[in-house]
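Me: I am new to this structure and would like a close look at a single part. Could you walk me through how its helices pack?

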Protein chains: 2
Amino acid sequence: MDAIEREWYRRRASSITPVAHFFGILSIILLLVWLLHYRGGLGLDSDNPYRILNVHIFLMFFGFIFFAGQAITLGIIGVYAAFKYHYKANVTNMYSLHSWIGLGTFIVYGIQWFFGFVTFWLPRPGATRARLAPWHVCFGRALLYFAICTAETGLMQLFTILKLASSSEGRLINFTGLAILIFGISVDLVIALSHYY
Amino acid sequence: MDAIEREWYRRRASSITPVAHFFGILSIILLLVWLLHYRGGLGLDSDNPYRILNVHIFLMFFGFIFFAGQAITLGIIGVYAAFKYHYKANVTNMYSLHSWIGLGTFIVYGIQWFFGFVTFWLPRPGATRARLAPWHVCFGRALLYFAICTAETGLMQLFTILKLASSSEGRLINFTGLAILIFGISVDLVIALSHYY
């Protein structure tokens with residue numbers, strides 16, 4: 001591939017970055033409209049278990065998918081909010097596909113963080129880093145898959161529990177789910193195109 | 001990147017292909033155990049709406065994700081089974097995130113098929129094909145995302161509707177969902193590594 005073509009792909013990858021940001025921000029706006037307008041807002045110390053659950057929903061998306069850099073702290077508070085909600089609302093922990101994929105996300109994140117630290121933070125020869133970089137990219141992509149599927153199954157679960165079929169709240173949740181999915185795909189597209197330059 | 005390294009990545013990508021097949025086949029086995037043992041089997045002309053729904057579940061995974069080549073025909077019968085189930089069980093169509101992402105999968109598939117036909121089946125200069133190939137790869141990856149998320153939300157939806165929490169059937173569904181997700185990630189990993197050789 002010649003330099004002009006490489007430049008062309010580099011530009012296309014850059015031009016998709018705003019799309020990823022647009023859908024990321026759109027997801028957050030839709031999510032906030034849903035949680036604040038329909039679901040009574042956020043409150044980790046509320047007596048209403050749903051307001052605790054809303055902290056979980058918001059932090060897991062905003063914290064874990066959108067700001068992956070600060071993900072781990074917000075993610076831990078988000079998981080804490082889920083367990084606290086379960087305790088208050090008398091719901092069993094860790095039974096659903098959502099919770100299983102969510103746990104998987106944390107495990108993959110832990111592996112990614114550990115190997116990232118050992119490979120790229122500690123001093124290493126450049127050749128070692130170059131050899132391990134593709135695996136790091138692949139684990140990052142697995143993480144993205146896990147995180148997106150956790151969000152989609154979580155929305156689907158609540159939609160069904162709350163019996164929101166054919167309601168405007170239900171449609172808002174669906175649009176949020178679509179926006180999160182397109183966000184994931186466009187991030188993945190940027191990564192994929194970046195291999196061509 | 002030198003020839004030895006390229007060869008190394010080519011071998012690793014080949015060695016992950018059996019993993020993808022393993023999880024693909026494992027997903028099918030788990031899915032069949034669930035549908036045949038717990039859900040009364042498959043039957044498109046059954047009076048039991050759930051046996052019609054089971055045809056939908058099986059064909060959408062086996063037909064659409066596993067055998068993407070023959071996907072479109074099996075996919076259309078699978079969607080037909082979903083609408084027939086809705087009609088028999090008196091359920092509204094197209095209200096859930098699952099149905100929305102499922103429709104999105106068909107739209108992306110249609111775009112992929114159309115551009116694939118125009119670019120790679122009709123006679124084209126090699127340079128044009130080389131330029132369009134990365135987009136084709138990216139759309140394929142978007143399709144994989146859509147298909148995996150459709151499967152995960154569908155399993156989550158039924159799990160919740162059938163109130164399967166803490167049951168062995170529920171755990172079987174969760175393992176199926178995890179296997180489908182790992183299948184998707186390992187296919188994606190093969191694609192990603194193939195860019196390094």
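Reply: Let's start with handedness: α4(A) and α5(A) make a left-handed crossing, meaning that the near helix is turned anticlockwise from the far one by less than a right angle. This is a predicted model, where local features need pLDDT of at least 70, side-chain atom pairs count only at pLDDT 80 or more, and totals for chains, interfaces and linings use all residues. Residues are numbered from 1 along each chain as its sequence is written, chains are lettered from A and ligands numbered from 1 in the order in which they are written, and side-chain values use heavy atoms, without hydrogens and water.

Helices here are DSSP runs (H or I, at least four residues), numbered from the N terminus. In chain A, α4 covers residues 97–121 and α5 residues 126–161; their axes come within 9 Å and cross at roughly 160°. Axes are lines fitted to C-alpha atoms over the stretch in contact, with angles from 0 to 180 degrees between N-to-C directions. The pair α4(A) and α5(A) is therefore roughly antiparallel (over 145 degrees). Their contact has 15 nonpolar, 13 polar and one charged residues.

Now to the other chain: α5(A) also packs with α4(B), residues 97–121, at about 135°, the axes 9 Å apart. Nonpolar covers Ala, Val, Leu, Ile, Met, Phe, Trp, Tyr, Cys and Pro; charged covers Asp, Glu, Lys and Arg; the others, Gly among them, are polar.

Note on methods. Helix = DSSP H or I, 4+ residues; strand = E, 2+ residues; numbered from the N terminus. Parallel < 35°, antiparallel > 145°, perpendicular 65-115°, else oblique.
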